[in-house]
Amino acid sequence: MDVTTVAADAGATISGSPGLEPALGGKQAGGVLRVENLSAFYDRRRAVREVTLDFRPNLITAIIGPSGSGKSTLLRCMNRMHEVVPRGRVEGLVEYRGIDIYDPRVDPAAVRRSIGMVFQQPNPFPTKSIAENVVAAARFNGLVKGRGPERELVERCLVQAALWDEVKDKLDDSGTSLSGGQQQRLCIARALALAPDVLLMDEPCSALDPVATSQVEQLMTDLRASYTIVIVTHNMQQASRISDRTAFLNMGEDRAGYLVEEGPTPEIFTQPRLQLTEDYISGRFG
């Protein structure tokens with residue numbers, strides 16, 4: 001069955017988008033994306049333990065925590081990328097606009113169109129031009145047909161990714177000919193070409209220099225008006241600069257990541273409820 005049937009079973013109405021269509025009505029708790037009692041496993045080893053979070057529309061939520069606390073694993077669970085990992089397994093609920101994305105009737109490809117992912121290392125398609133990098137996935141998914149609409153899509157997405165002015169005269173050059181920061185913005189443009197609702201970003205600036213990092217941070221701030229953004233970062237200054245809300249994960253004695261606390265970023269960084277959060281933010285561990 002397709003996602004329309006799933007939403008109909010939940011009493012929801014579906015729009016005509018080719019992605020995982022937002023359910024209008026249905027079970028919504030104020031957020032675009034929600035995880036509830038979510039645990040993630042690699043075979044028998046639990047990497048994330050019973051995390052519950054609500055991601056609100058048009059906000060940037062930063063997920064912070066020490067290495068090994070399950071931040072990237074949690075992120076991949078939100079668009080069914082974790083199940084691609086050998087023996088990767090998820091328990092609990094991940095709900096996107098009232099639809100359980102792990103319902104067996106939901107197409108994982110539709111999930112990943114609506115909930116896009118940008119990875120830590122820029123990964124443009126090495127054999128494709130700048131323009132082809134933007135349009136290839138959209139063409140494959142049937143979202144754009146014909147040279148005219150494709151050219152419009154390329155320009156629109158590169159403008160959104162703040163890259164158009166830098167590459168408009170060399171669209172036929174290889175995507176890998178760009179600098180690291182430009183490559184990351186190209187990958188963001190590629191994700192935007194699928195018309196997602198949510199953007200997941202896994203340490204998108206960790207491989208970039210300070211200038212490129214600033215450009216990507218400004219881009220995320222600009223995109224917040226149109227998208228819900230979730231970013232994993234080890235950079236406390238970055239989290240405090242660009243995010244609206246922050247979730248702090250830590251590793252438990254069972255070596256599984258768990259949620260310590262979550263809230264508005266200014267409160268998490270200046271008046272955390274728990275001493276453990278203050279200890280991590282102040283650099284006492286991690």
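Guide: In helix α4, the buried residues are I130, A131, N133, V134, V135, A136, A137 and A138. Buried means under 20% relative accessible area, while exposed is over 50% and partly exposed lies in between, with a 1.4 Å probe and protein chains only. This is a predicted model, in which local features need pLDDT of at least 70 and side-chain atom pairs count only at pLDDT 80 or more, whereas totals for chains, interfaces and linings use all residues. Residues are numbered from 1 along each chain as its sequence is written, and side-chain values use heavy atoms, with hydrogens and water left out.

Helix α4 spans residues 130–140 and is mostly covered, as 8 of its 11 residues are buried. Helices (H or I, at least four residues) and strands (E, at least two) are DSSP runs, numbered from the N terminus. The cover over the buried residues of α4 includes α5 (147–160), α6 (164–167) and α7 (180–192). Just after α4, G142 has a positive phi of about 75°.

One of the elements in that cover, α7, runs over residues 180–192. A charge sits over a ring if NZ of Lys or CZ of Arg is within 6 Å of the ring centre and within 35 degrees of the ring normal. Elsewhere, R89 lies over the face of F41, at 4.1 Å from the ring centre.

Terms used: Contact means heavy atoms within 4.5 Å.
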